[in-house]
Amino acid sequence: MTGLCDAHLHVQDPALRPMATEISDSWTRLGLVRAVTNATCEADWDAVAAEARRDARIIPAYGLHPWEVARRSRSWLSDLEGRLRSGSAVVGEIGLDHAVKGRDDAVQEEVFLQQLDLGYRLNLPVTIHCVRAWGRLETLLRDHRTRLPLPGFLLHAYGGPPEMINTFADLGARFSFSARAGLEPATRMRASLEAVPADRLLIETDAPALPPPPEWTEIEWVDESNGRRLNHPANILSSYRFVAGFLGIPLDTLVTQVRRNFEAIFGEVGE
């Protein structure tokens, strides 16, 4: 098996960085060729850059996650633009999250739109996080449809209504899923997976977050300090196997299609 692509994970996470050699070896064994490693805050931009230098398969993504907008520095936007202009990178992870307690919606939206505009001006793809804000996200994207990133944008771990798939696709969206969709409560996510056009489908792990159900897990990993299950990047194969099985298509067919889709949005970056 070769040609696997992970559209979204966080290799710079402190839980994963000590495992860098093991992760690289597992990717080689599995045949992974590309992985988009997403920053979430200014403090981990350097770590993302270091991971991209360490492993040429990593595409670095720099951005400010909606959980982190209240802690941004005065120079965050100019610093972000400088990073995006200085090398082969993409914008991410940015977005809206209406599950955040004490959030300021106006600030979330301002920071989101500033980064979305960077994607447009620099002609870079953008990775978007969205939780409980799908209607508002659609409105903002529609209002700015003449200044959306031309390479498109990824709605990672898509959890929105299946009925909105075509609307977002018309605006330039791609959609990524993981074996997490195999959890019993994730019925809407599975319905969305079924509704996504074949040429807009991507696969992710979101490691170390969103561990797959035990029955779909390639590498089981438990944090010994607290007993919490974590997601190993090698579980990218779990994601492919789950999606292929759910859609009823051969694994090789899915790998070929997803690599084509991945290159359509990220292909010109990091080659």
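At 0% relative accessibility, Leu-16 counts as buried, where buried means under 20% relative accessible area, exposed over 50% and partly exposed in between, with a 1.4 Å probe and protein chains only. Leu-16 belongs to the loop between β1 and α1; helices (H or I, at least four residues) and strands (E, at least two) are DSSP runs, numbered from the N terminus. The model is predicted: local features need pLDDT of at least 70, side-chain atom pairs count only at pLDDT 80 or more, and totals for chains, interfaces and linings use all residues. Residues are numbered from 1 along each chain as its sequence is written, and side-chain values use heavy atoms, with hydrogens and water left out.

Contact means heavy atoms within 4.5 Å. Not counting residues up to four places away in sequence, Leu-16 touches His-10, Val-11, Ile-23, Ala-207, Pro-208, Trp-221, Asn-231 and Pro-233. Between the C-alpha atoms of Leu-16 and Val-33 there are 19 Å, with the two residues 17 apart along the chain. Asp-13 is found in the loop between β1 and α1, and at 26% relative accessibility it counts as partly exposed. The C-alpha atom of Asp-13 is separated by 16 Å from that of Asn-235, which is 222 residues apart from it along the chain.

## The sheet

An open sheet of eight strands runs in the order β1-β2-β3-β4-β5-β6-β7-β8, with parallel pairing; two strands pair if DSSP finds at least two bridges between them. Its edge strands are β1 and β8 (201-203), each of which pairs on one side only. From one strand to the next, the twist averages 25 degrees. In a regular strand the side chains alternate between the two faces of the sheet.

## β1 and β2

Strand β1 (residues 4-9) is largely enclosed by the rest of the structure, because six of its six residues are buried. Four bridges pair β1 with strand β2 (residues 32-38) in the parallel sense. Arg-34 in β2 is the bridge partner of Cys-5.

Together with helix α1 (residues 20-30), β1 and β2 make a right-handed β-α-β unit. A crossover is right-handed if, with the strands pointing away from the viewer, the path from the first strand over the helix to the second runs clockwise.

β3 and β4 pair in the parallel sense over two bridges, and Val-91 in β4 is the bridge partner of Tyr-62. Strand β4 (residues 90-97) is mostly covered, with eight of its eight residues buried. To strand β5 (residues 126-131), β4 is joined by five bridges in a parallel arrangement, with Ile-94 opposite Ile-128 in β5. A right-handed β-α-β unit is made by β4, helix α4 (residues 105-122) and β5.

Further along the sheet, strand β6 (residues 153-155) and strand β7 (residues 173-177) run parallel and are joined by three bridges. Here Phe-153 stands opposite Ala-173 in β7.

Axes are lines fitted to C-alpha atoms, for helices over the stretch in contact, and angles run from 0 to 180 degrees between N-to-C directions. The buried residues of α2 are Trp-45, Ala-47, Val-48, Ala-49, Glu-51 and Ala-52. Their cover includes β2, β3 and α3.

Helix α2 (residues 45-54) and helix α3 (residues 76-86) pack at an angle of about 5 degrees, with axes 12 Å apart. The two helices α2 and α3 are therefore roughly parallel to each other; angles under 35 degrees count as roughly parallel, over 145 as roughly antiparallel, 65 to 115 as roughly perpendicular and the rest as oblique. On the α2 side, Trp-45, Asp-46 and Ala-49 meet Trp-76, Asp-79, Leu-80 and Arg-83 of α3. This contact of α2 with α3 has four nonpolar, no polar and three charged residues. Ala, Val, Leu, Ile, Met, Phe, Trp, Tyr, Cys and Pro count as nonpolar, Asp, Glu, Lys and Arg as charged, and the others, Gly among them, as polar.

## Ser-238 in α8

Ser-238 lies in helix α8 (residues 236-247). At 1% relative accessibility, Ser-238 counts as buried. Leaving aside neighbours within four places in sequence, Ser-238 is in contact with Ala-179, Pro-212, Trp-216, Thr-217 and Glu-218.
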